[in-house]
Amino acid sequence: MMKSPGLKIYTIAYLVFLYAPIALLPIFAFNDSRVIAFPLAGFTTNWFVEMWNDQQLWIAFKNSMTIAVSSALFATLFGIFAARASTRYNFPGKPGIIGLIMLPLVLPEMIVSMALLVILIGIGVPLSIFTIILGHVLICTPYAVAILSSAFSSLDRSLEEAAYDLGETRASTFRLIILPLVMPGIISSLLISFTISLDEFIIAYFLGGNQTVLSVYIFGQFRFPQKVPAIMALGFVLVCISILLLTIAEYFRRRGIAKTGGKDTGGFL
Amino acid sequence: MTTTQRPTMIEFRDVHKYYGDYHALRGINATIRAGEFFSLLGPSGCGKTTLLRTIAGFEDISSGAVLIDSKHMQGVPANKRPTNMVFQSYAIFPHLTVEENVGFGLRRDPRSAAEKAMAVGEALEMVGLKGYGKRAAHALSGGQRQRVALARALILKPKVLLLDEPLSALDKKMREQMQVELIKLQRQVGITFILVTHDQEEALVMSDRIAVMFEGQIAQLADPETLYRRPNSRKVADFIGTMNFLPAQVLSENGTVEVEAAGLGRFALSADQVMGGSTGEGATVGFRPETATILFEGQTATDRESMATIEEVVYYGDMTYYDVRFDGVAAPMRLSMRNVFGRPVLDIGTRARVGWSPGALVLFR
């Protein structure tokens with residue numbers, strides 16, 4: 001285990017630096033003062049009430065949900081196609097095509113957003129929730145492909161052949177055998193894509209037009225110091241939802257591995 | 001009943017298979033008879049699994065024809081062929097129970113649910129898994145998965161059951177037990193079984209007939225005894241069991257073949273003992289380790305006798321292997337002797353008389 005005390009101190013410092021700011025969210029979300037500073041003034045749930053009554057926030061929230069759910073669905077659907085193709089079939093130019101699909105993973109979002117903005121304006125597509133979805137599908141698909149490829153490649157090919165050999169068609173084999181076995185991967189992919197889309201700022205800011213989403217709305221509210229405690233409350237709620245979603249995703253990933261009798265090679269949590 | 005009178009079940013007519021430039025099957029011609037336990041035996045990469053998969057319909061052939069029960073299989077997909085397969089990995093559906101696995105092929109069967117459930121029960125009983133129906137398939141042991149795979153394939157009453165190295169994942173004891181069970185099962189259901197294996201012992205134990213394959217071709221197709229006693233080439237002889245080879249010269253051919261071999265002297269062989277298939281080093285005679293015996297004091301040879309020196313002794317309990325060098329021969333020959341109570345195991349360096357018989361020899365030239 002850890003032998004050197006230096007490494008131990010480093011590790012603790014690292015974790016504190018990483019998570020202490022997040023720990024501030026619940027502290028100030030319940031602090032009875034508009035000023036974000038110590039010492040604490042007392043306990044209150046007023047900021048949650050204020051958040052709840054904010055009509056602008058609700059609009060942004062609904063927009064964000066629409067975008068995140070749509071992006072997750074499309075990214076996962078495309079991910080299924082790409083993962084299936086990359087693990088089962090050989091076709092000319094396969095490494096290049098898969099590489100292009102995975103590229104947004106390492107491409108700065110700034111560049112993606114600028115390029116999309118120029119093209120969308122150029123061809124005259126009005127900026128809206130739909131254009132944000134387009135951008136989010138683009139950046140979520142590589143994650144979906146990565147998750148689903150591992151789900152598809154851990155499938156024994158003879159399972160498909162066995163079902164086919166026993167009289168099923170290609171389509172019914174996919175439905176009866178492949179889909180149930182990769183379902184944990186599909187659920188993981190949906191949840192991760194959803195989270196990425198919900199968090200995303202740059203594309204949402206560039207391609208949103210006058211439609212506000214949660215991340216952009218939160219950023220805007222920081223201009224008004226009296227609004228900050230309510231944003232802290234909102235942040236706390238979002239942290240809780242994120243942890244919940246990631247836990248569910250990890251649960252399904254592990255269950256998938258256990259189901260197909262595979263070996264755990266590390267995951268998100 | 002001997003299998004020779006049975007009708008043909010599968011026929012390969014000059015089957016070729018290419019993977020790009022790689023010539024995987026190079027002109028396979030063979031017939032497999034109905035109700036036969038047939039094995040495709042060969043080292044890995046010899047094309048035996050590819051050939052099996054052309055029967056199942058998982059591989060298209062490049063040219064030639066595969067016929068099942070006199071019907072051309074060209075263009076018939078795997079799900080429409082009268083064959084079922086037991087996969088090397090068993091391919092048990094991990095998200096289904098044992099009975100859902102076994103009954104999987106009955107999904108399109110018009111029979112009532114109760115009748116199907118009965119068929120599943122019977123299939124499970126046949127493979128010795130009665131009462132296991134409700135278990136989760138992923139929780140089974142290797143041997144149990146094997147049985148589920150068998151029941152799942154046999155429930156459709158295929159004309160041909162294809163087995164792709166089904167025993168290779170089992171430990172030795174389990175494997176030997178399953179060999180016997182498979183033979184019994186095959187006799188019971190009477191279905192043509194085609195087994196792919198790289199294990200020559202397994203093929204000898206289980207099969208009515210064996211096709212030995214090398215490099216995409218069938219080298220010899222025969223029953224186990226012929227294959228063992230009369231291999232038609234040195235390669236087959238080497239692959240199946242152990243065979244000793246001595247350089248030889250053919251002196252005359254006149255009905256019988258007169259041969260002189262180093263260490264053994266002159267002898268005559270009948271025509272059926274003469275094979276082609278030498279490996280280019282000229283003619284050789286071969287004999288199996290158990291067909292020659294060391295003669296102890298007071299024993300006389302039933303046929304011929306040659307002098308040799310013992311070079312190596314390997315004691316196996318029930319058997320002793322002796323490597324002996326015949327006078328005038330460079331390479332040692334392996335003899336296997338059954339140990340008899342009260343008879344000593346001989347020491348290295350002992351001079352010994354070796355009894356042998358020309359009838360047990362095979363000439364490759």
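Mentor: Two residues are in contact if their C-beta atoms, placed from the backbone, lie within 7 Å. This is a predicted model, in which local features need pLDDT of at least 70 and side-chain atom pairs count only at pLDDT 80 or more, while totals for chains, interfaces and linings use all residues. Residues are numbered from 1 along each chain as its sequence is written, and chains are lettered from A in the order in which they are written.

Trainee: What share of the contacts in chain B between residues at least 6 apart in sequence join residues at least 24 apart?
Mentor: In chain B that share is 67%. For chain A, 75% of the contacts with a separation of 6 or more are between residues 24 or more positions apart.

Trainee: How many helices and strands does chain B have?
Mentor: Chain B has eight helices and 21 strands, whereas chain A has eleven helices and zero strands. Helices (H or I, at least four residues) and strands (E, at least two) are DSSP runs, numbered from the N terminus.

Trainee: Now the two chains together: how many residues does each give to the contact?
Mentor: Chain A gives 17 residues and chain B gives 17 residues.

Trainee: Which elements of chain A give two or more residues to that side?
Mentor: They are helix H7 (157–165) and helix H8 (170–199) of chain A. H7(A) provides the largest share, six residues.

Trainee: What about burial?
Mentor: Of the 365 residues of chain B, 39% count as buried, meaning that 20 or more other C-beta atoms, placed from the backbone, lie within 10 Å of a residue's own. In chain A, 34% of the 269 residues count as buried.

Terms used. A residue is buried if 20 or more other C-beta atoms lie within 10 Å of its own, exposed if 12 or fewer, and partly exposed in between; C-beta atoms are placed from the backbone.
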